[in-house]
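Here is a walk through one protein chain. Keep the model in view and follow each stop in turn.

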Amino acid sequence: MVSYVSVLLYGVGGIVVAGMALLVAFQEKLVYVPVLPGLTKSYPITPARLRLVYEDVWLRSSDGIRLHSWFIKLFPECRGPTILFFQENAGNIAHRLEMVRIMLQRLQCNVFMLSYRGYGASDGYPSQHGIINDAQAALDHLSQRTDIDTDRIVVFGRSLGGAVGSVLTKNNPDKVAALILENTFTSILDMAGVLLPFLKWVIGGPGTKGPKILNFLVRSPWSTIDIIGQVKQPILFLSGLQDEMVPPSHMQMLYAKAAARNRQCIFVEFPTGMHMDTWLSGGDHYWRTIQQFFEKHVPKTGYDIAAAGRSTL
């Protein structure tokens with residue numbers, strides 16, 4: 001009997017050790033997916049394909065990593081508002097261009113699209129600390145531009161991008177006017193148990209059960225639930241109720257945490273919205289929701305109206 005127990009214990013121990021080794025070795029490949037299966041790291045298209053007015057912007061992160069981005073203007077003289085857009089974890093900024101094309105027209109804004117390190121044409125390898133530095137470099141660049149209204153910079157993050165945007169907005173109360181989160185998770189610690197259910201007993205956020213003995217191994221925890229309550233700017237939460245990746249309850253928890261301290265929070269649900277297509281399935285309601293948020297927190301100025309009139313001449 002003792003031998004069987006010993007074999008069982010050794011077997012369980014071996015599984016735990018193997019699981020720890022896999023987690024340590026491959027976690028970045030699970031969290032960050034710069035290249036979609038069957039595709040290459042390069043951009044399949046550029047904004048020029050969609051006849052958008054843009055410039056290639058090259059930045060240096062604080063640790064010296066060279067970053068690529070696109071600054072897309074509604075028209076050459078458009079001063080804002082300007083959206084600083086942070087994408088999901090998979091693919092690159094070119095895969096979001098069709099959505100951004102519609103965003104420009106519906107919201108009458110500019111859009112700055114950053115390629116995280118290791119994504120698209122940017123150098124380096126993705127990590128939480130590195131991407132936070134990348135986001136700061138993008139915001140610092142926008143804040144120093146003279147061709148936009150720097151008082152109307154809005155951070156927009158979807159999924160992983162929401163985690164990135166939350167940290168940036170919290171750290172820059174004087175540079176970011178407002179924050180929009182779409183289908184964002186509470187933390188990677190919580191998502192580990194969603195994507196790999198057996199991990200929920202050893203990895204998890206503050207609200208989960210279990211000993212969480214492997215939390216220390218997670219290098220990119222992206223604990224948005226611990227950040228969002230510190231954001232003082234207005235926040236718009238856009239939640240797709242058919243999200244097949246991030247449980248909609250994560251967005252509800254983020255809203256509850258934020259709204260407990262911030263009275264400028266709005267939560268809007270889209271019944272047919274999935275993780276990647278809420279902007280599409282939400283239709284006019286989706287864009288009108290953001291328009292109304294803009295009208296309240298980054299309203300048009302007389303210059304916007306005059307410049308728009310000149311652009312149509």
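Is Q128 buried or exposed? The model is a predicted one, and in it Q128 has a relative accessible area of 17%. Buried means under 20%, so Q128 counts as buried. The residue belongs to helix 3, which spans residues 128–144. Leave aside residues up to four places away in sequence, and Q128 touches Y32, R219, S220, P221 and W222.

Now turn to strand 5, residues 153–158. Six of its six residues are buried. Both faces of the strand are covered. On one side lie I153, V155 and G157. On the other lie V154, F156 and R158.

Strand 5 has partners. Strand 3, residues 82–86, pairs with strand 5 in the parallel sense, over five bridges. Here F85 has F156 as its bridge partner. Strand 6, residues 178–182, also pairs with strand 5 in the parallel sense, again over five bridges. In this pairing V155 stands opposite L179. How does the chain get from strand 5 to strand 6, and through which helix? The path runs through helix 4, residues 160–171, and this β-α-β crossover is right-handed.

Stay with helix 4 for a moment. S166 is found there. Its relative accessibility is 0%, so S166 counts as buried. Which residues does S166 touch, not counting those up to four places away in sequence? They are L179, L181, T224, I227, I228 and V231. L179 is the residue of strand 6 that stands opposite V155. I227 is 61 residues from S166 in sequence, yet the two are 6.7 Å apart in space, C-alpha to C-alpha.

Next come the aromatic rings. A pair of aromatic rings is described by the distance of the centres and the angle of the planes. How many aromatic pairs does a search of the whole structure find? It finds ten. One of them joins F237 and F267. Their centres are 6.4 Å apart, the planes make an angle of 40°, and the pair is tilted. F237 sits in strand 7, residues 235–240, and F267 in strand 8, residues 265–270. The two are 30 residues apart, and the pair links distant parts of the chain. F237 counts as buried, because its relative accessibility is 0%. F267, at 22%, counts as partly exposed.

F267 has another ring partner, Y255. This pair is tilted too, at 5.3 Å centre to centre and 45° between the planes. Y255 lies in helix 7, residues 248–259, and F267 in strand 8, so the pair ties together parts that are twelve residues apart in sequence. Y255 has a relative accessibility of 28% and therefore counts as partly exposed.

Two further ring features deserve a look. Ring pairs link Y43, Y54 and W70 into a cluster. R66 lies over the face of W58, 3.8 Å from the ring centre.

The last stop is helix 9, residues 283–297. It has 15 residues. From its first C-alpha to its last it reaches 22 Å, close to the 21 Å expected at 1.5 Å a residue. Which residues of helix 9 are buried? They are Y286, W287, T289, I290, Q291, F293, F294 and H297.

Note on methods. Residues are numbered from 1 along each chain as its sequence is written. This is a predicted model: local features need pLDDT of at least 70, side-chain atom pairs count only at pLDDT 80 or more; totals for chains, interfaces and linings use all residues. Side-chain values use heavy atoms; hydrogens and water are left out. Helices (H or I, at least four residues) and strands (E, at least two) are DSSP runs, numbered from the N terminus. Buried means under 20% relative accessible area, exposed over 50%, partly exposed in between (1.4 Å probe, protein chains only). Contact means heavy atoms within 4.5 Å. Two strands pair if DSSP finds at least two bridges between them. A crossover is right-handed if, with the strands pointing away from the viewer, the path from the first strand over the helix to the second runs clockwise. Rings of Phe, Tyr and Trp (its six-membered ring) pair if their centres lie within 6.5 Å; planes under 30 degrees apart count as stacked, over 60 as edge-to-face and the rest as tilted. A charge sits over a ring if NZ of Lys or CZ of Arg is within 6 Å of the ring centre and within 35 degrees of the ring normal. The expected span of a helix is 1.5 Å times one less than its number of residues.
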